[in-house]
Amino acid sequence: MDAQQQGGVVKKKETRGRKPKPKDDKKDEQHHSSSAKAKKSHQQPSVDDKYTQWKSVVPVLYDWLSNHNLVWPSLSCRWGPQLEQATYKNRQRLYLSEQTDGSVPNTLVIANCEVVKPRVAAAEHISQANILLCDLLNFNEEARSPFVKKYKTIIHPGEVNRIRELPQNTKIIATHTDSPDVFIWDVEAQPNRHAVFGATNSRPDLILTGHQDNAEFALAMCPTEPYVLSGGKDKSVVLWSIQDHISTAATGSGGSIIKNTKPGDGNEKAVDGPIVAPRGVYYGHEDTVEDVTFCPSSSQEFCSVGDDSCLILWDARTGSSPAVKVEKAHDADLHCVDWSPHDDNLILTGSADNSVRMFDRRNLTSGGVGAPIHKFEGHKAAVLCVQWSPDRSSVFGSSAEDGLLNIWDYEKVGKKVERTPKNPASPPGLFFQHAGHRDKIVDFHWNASDPWTIVSVSDDCDTTGGGGTLQIWRMSDLLYRPEEEVLAELEKFKSHVVSCTSKA
């Protein structure tokens with residue numbers, strides 16, 4: 001039992017795709033992996049076969065898709081502020097990271113992303129770059145997308161496991177690494193650094209202390225106040241307020257997050273910076289806390305999930321003990337949680353039991369264990385990330401170690417769908433499946449500025465031996481608009497084609 005516990009953390013990190021390996025190890029792993037795949041090839045289609053099938057239907061299923069190869073894996077991806085709106089595309093910040101093997105520093109990357117607007121097909125304004133049509137029909141998996149340009153590099157003290165942006169000012173972000181601390185960065189004020197071996201770390205604008213052991217993944221920023229929430233291996237949930245350290249300018253168009261201080265120039269010998277102590281530390285979990293999230297309408301209410309299979313709701317106004325503790329919310333470790341921005345009663349959880357569950361906080365348990373109102377079972381491996389869509393209240397996404405990003409609509413659960421031999425039954429509620437990644441999808445993020453646009457990132461260690469894939473995509477609106485509206489448009493298009501044919 002002790003041996004299993006000692007090896008449990010390492011195993012979890014590897015299966016979740018969180019640690020890059022030395023290149024020699026990658027080659028050995030690829031050799032063993034290829035032998036295993038050869039043995040299984042007669043049993044089921046390979047990853048490459050499924051991927052080839054997916055590529056063949058991309059022009060039909062997607063309004064826009066851009067593929068960006070990453071030299072080093074990124075374990076998190078987040079949208080930043082929108083910078084510019086143009087006729088055919090918008091420019092927006094994108095946050096990601098480079099998780100290296102130590103030959104060069106780990107970095108936090110701030111990129112500029114050009115987001116093509118809906119229904120801008122092979123428009124003349126981008127035809128010179130041969131971009132959109134190429135991306136949709138025959139993109140190169142090894143190439144970097146011309147839509148994504150690196151803007152700034154921050155040398156991060158340790159690998160970046162999680163990135164979260166402050167909703168009140170998305171130029172301010174928090175990061176988790178393999179340490180007890182949370183780092184706060186004003187990305188616009190931070191100097192641009194050159195990531196070379198031996199370079200000193202960038203200096204965080206704030207350091208949030210309070211954990212007694214490493215806090216690696218569980219991280220959230222409050223939608224209503226400048227509060228930060230974290231969970232860690234010490235089984236605690238920690239809450240901070242950075243209100244006193246935010247200047248008036250930082251909540252508006254720009255400015256530093258720190259009063260009367262300047263961000264480091266990169267020459268400091270140690271990671272230091274202004275330290276913020278916690279407002280509260282909350283205990284109730286019996287194992288590592290894997291994810292946390294705020295109630296969208298309250299800075300005092302939040303929830304957490306962990307390796308103890310528990311979902312816990314907290315209310316900072318009533319003390320440091322759980323407000324509600326849901327035992328056995330899943331049949332295995334819980335990896336992720338998200339609270340609906342549209343309905344304060346609905347909470348999503350994702351687990352190593354391959355499922356996503358939806359809970360109503362008015363009726364969380366039955367017989368002492370978790371009583372979800374819906375179970376969504378469309379993944380074949382552990383679910384790593386769940387997030388509600390900002391565009392439709394009943395829609396959410398989930399990504400997993402099976403390399404799939406599923407889009408669900410809980411309002412479709414229970415509705416009759418016509419089945420044919422060529423269209424077998426799909427899991428209730430599933431209405432779109434993004435299969436563009438060939439390895440575990442470690443993070444994704446809906447774009448609040450461009451409806452139905454998603455950025456997703458995979459750690460490709462198992463399939464290619466290293467690196468990662470970043471994809472920015474938007475499904476065709478024919479898939480989610482009202483059926484009557486879509487049919488009317490298709491009929492109009494059909495009439496147009498017939499008219500053109502008769503004239504020819």
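The model is predicted: local features need pLDDT of at least 70, side-chain atom pairs count only at pLDDT 80 or more, and totals for chains, interfaces and linings use all residues. Residues are numbered from 1 along each chain as its sequence is written, and side-chain values use heavy atoms, with hydrogens and water left out.

I start with the whole protein. It has 7 helices and 31 strands. Helices here are DSSP runs of H or I with at least four residues, strands are runs of E with at least two, and both are numbered from the N terminus. Of the 504 residues, 53% are buried. Buried means under 20% relative accessible area, exposed means over 50%, and partly exposed lies in between, with a 1.4 Å probe and protein chains only. The accessible surface is about 22,500 Å², and carbon and sulfur atoms hold 49% of it. That area comes from the Shrake-Rupley method with a 1.4 Å probe; for residues, only the protein chains shown count as cover. Take the contacts between residues at least 6 apart in sequence: 62% of them join residues at least 24 apart. A contact is heavy atoms within 4.5 Å.

Next, a sheet. Strands of a sheet pair through backbone hydrogen bonds, either parallel or antiparallel. In this analysis, two strands pair if DSSP finds at least two bridges between them.

Now strand S17. Why can we call S17 largely enclosed by the rest of the structure? Because 5 of the 5 residues in 311-315 are buried. Leu311, Leu313 and Asp315 point one way, while Ile312 and Trp314 point the other way. S17 has antiparallel partners in S16 (residues 301-306), through 5 bridges, and in S18 (residues 324-326), over 3 bridges. Glutamate 301 faces aspartate 315, and the bridge partner of leucine 311 is valine 326 in S18. S16 and S17 make a hairpin with 4 residues between them, and serine 309 in the turn has a positive phi of about 65°.

In the model, residues 327-360 are 0% helix and 50% strand, with end C-alpha atoms 15 Å apart. For residues 376-411 the content is 0% helix and 50% strand, and the ends lie 12 Å apart.

Last, serine 458, which sits in strand S30 (residues 453-459). Serine 458 is buried, with a relative accessible area of 0%. Beyond its neighbours within four places in sequence, its contacts include Asp439, Ile441 and Gly468. Which side chain makes a polar contact with the side chain of serine 458? That of histidine 437, at 2.9 Å. A polar contact is a pair of N or O atoms within 3.5 Å; within protein, one must be able to donate a hydrogen and the other to accept it, and residues adjacent in sequence count only if both atoms are side-chain atoms.
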